[in-house]
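Please look through the chain shown below, and then follow the questions and answers, which move from the whole fold to particular places in it.

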Amino acid sequence: MAVLVTGAAGFIGSYVAHALLARGDSVIGVDNLNDYYPTELKDARLAKLLPHSSFTFHKTDIADFDALAAHCENAGIETIIHLAAQAGVRYSIQNPFAYERSNLAGHLSILELARKLKTKHLVYASSSSIYGANTQIPFSEGHKTDAPVSLYGATKKANELMSSSYARLYELAQTGLRFFTVYGPWGRPDMAYWIFAEKMLKGEPIEVFNHGDMARDFTYIDDIVSGVLAAHDRPPLANEPPHQVFNLGNDKPEKLMTLIQLLEKELGIEAKKEMRGMQDGDVERTWADIGLARQHLGYAPRTSLADGIAQYVAWRLALPNAFG
Ligand SMILES: NC(=O)c1ccc[n+]([C@@H]2O[C@H](COP(=O)([O-])OP(=O)(O)OC[C@H]3O[C@@H](n4cnc5c(N)ncnc54)[C@H](O)[C@@H]3O)[C@@H](O)[C@H]2O)c1
């Protein structure tokens with residue numbers, strides 16, 4: 001039996017696929033390899049997966065249900081880990097329709113596929129963005145999430161609601177994971193840690209938003225992968241609701257200026273900082289309460305921001321060039 005991983009050429013999806021293969025699972029990966037960020041990076045991630053004999057890849061758009069279903073029928077898929085999405089908060093201001101297709105039509109397509117294939121468990125990516133303007137900290141799964149500040153956050157909230165309805169209607173076992181600022185080697189070039197490092201290496205100034213008064217619950221990729229696998233392996237129990245949602249964060253918000261200092265230390269370069277105001281769609285602080293994931297999934301993040309950034313910079317400095 002196989003696990004379908006959507007977004008398999010993406011940052012988190014490629015790591016999850018590796019981890020599943022490493023423990024002996026068969027993986028069917030799908031991704032449309034879009035050019036939201038350089039496709040060379042997606043190709044490079046995929047190139048590391050393709051040699052595995054238990055890995056099959058299909059370049060396809062998840063929003064195209066017929067094409068997706070054609071690849072997945074009779075493929076022995078038992079569970080789905082759905083990580084394909086149009087990510088990014090700021091891009092949703094310029095390109096809202098990319099979110100409609102990948103996140104709304106795409107999620108519906110995956111729900112329909114799960115229904116059709118009668119999968120045992122569908123695990124999907126939600127986001128800390130759904131907490132939006134929530135001021136209660138740390139962010140807990142029971143808090144209100146009806147005030148997203150970006151369209152991206154709104155589509156992730158919509159995904160949770162769509163999943164709830166499918167769980168009720170069809171008893172489809174599902175787990176939604178609200179990821180908090182995931183980072184690490186092979187990461188995403190649209191994220192602050194990556195942009196800062198590249199600019200610092202080129203001697204260019206970095207833009208520091210909200211005058212540096214921001215904090216994020218940064219979560220290292222290896223910790224997220226262990227949380228995703230733990231969630232995958234624990235479908236909702238018979239006495240629990242068929243759809244559950246967990247925060248996967250680090251329970252340790254770090255200041256933006258701390259991130260910059262760690263990059264400066266690891267790169268051996270002092271950043272030229274240009275202070276800016278707050279950006280539309282952004283929030284000042286995220287902080288995950290991970291008590292529920294600890295209790296139900298045994299989730300226990302281990303990587304400090306200092307260690308994670310050291311790993312990221314070591315990886316980056318070993319590359320001849322940044323991707324793209
Ligand atoms: N990285 C983070 O900090 C973070 C935080 C919160 C939530 N998430 C969510 O986690 C998931 C994985 O994020 P990531 O950081 O790996 O992003 P990513 O952009 O690296 O990976 C997403 C992959 O999905 C693919 N994709 C997008 N639309 C598609 C479509 N219509 N059909 C097929 N493939 C499509 C992309 O080509 C990409 O390879 C996403 O759902 C994202 O919203 C990520």
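Q: How many helices and strands are there in the chain?
A: This is a predicted model, in which local features need pLDDT of at least 70 and side-chain atom pairs count only at pLDDT 80 or more, while totals for chains, interfaces and linings use all residues. Residues are numbered from 1 along each chain as its sequence is written. Helices (H or I, at least four residues) and strands (E, at least two) are DSSP runs, numbered from the N terminus. Counted in this way, the chain has 11 helices and 13 strands.

Q: What percentage of the 324 residues of the chain count as buried?
A: A residue is buried if 20 or more other C-beta atoms, placed from the backbone, lie within 10 Å of its own, exposed if 12 or fewer do, and partly exposed in between. By this rule, the share of buried residues in the chain is 45%.

Q: Which residues are the closest to the ligand?
A: The shell around the ligand holds 28 residues, where a residue counts as near if its C-beta atom, placed from the backbone, lies within 6 Å. Helix 1 (11–22), helix 5 and strand 5 (121–127) each supply at least two residues of this shell. The closest are Gly 7, Gly 10, Phe 11, Ala 85 and Ala 125.

Q: What is the angle at which helix 3 and helix 5 pack?
A: Axes are lines fitted to C-alpha atoms, for helices over the stretch in contact, and angles run from 0 to 180 degrees between N-to-C directions. The axes of helix 3 (residues 65–72) and helix 5 (residues 96–117) are 10 Å apart, and the angle is about 35°.
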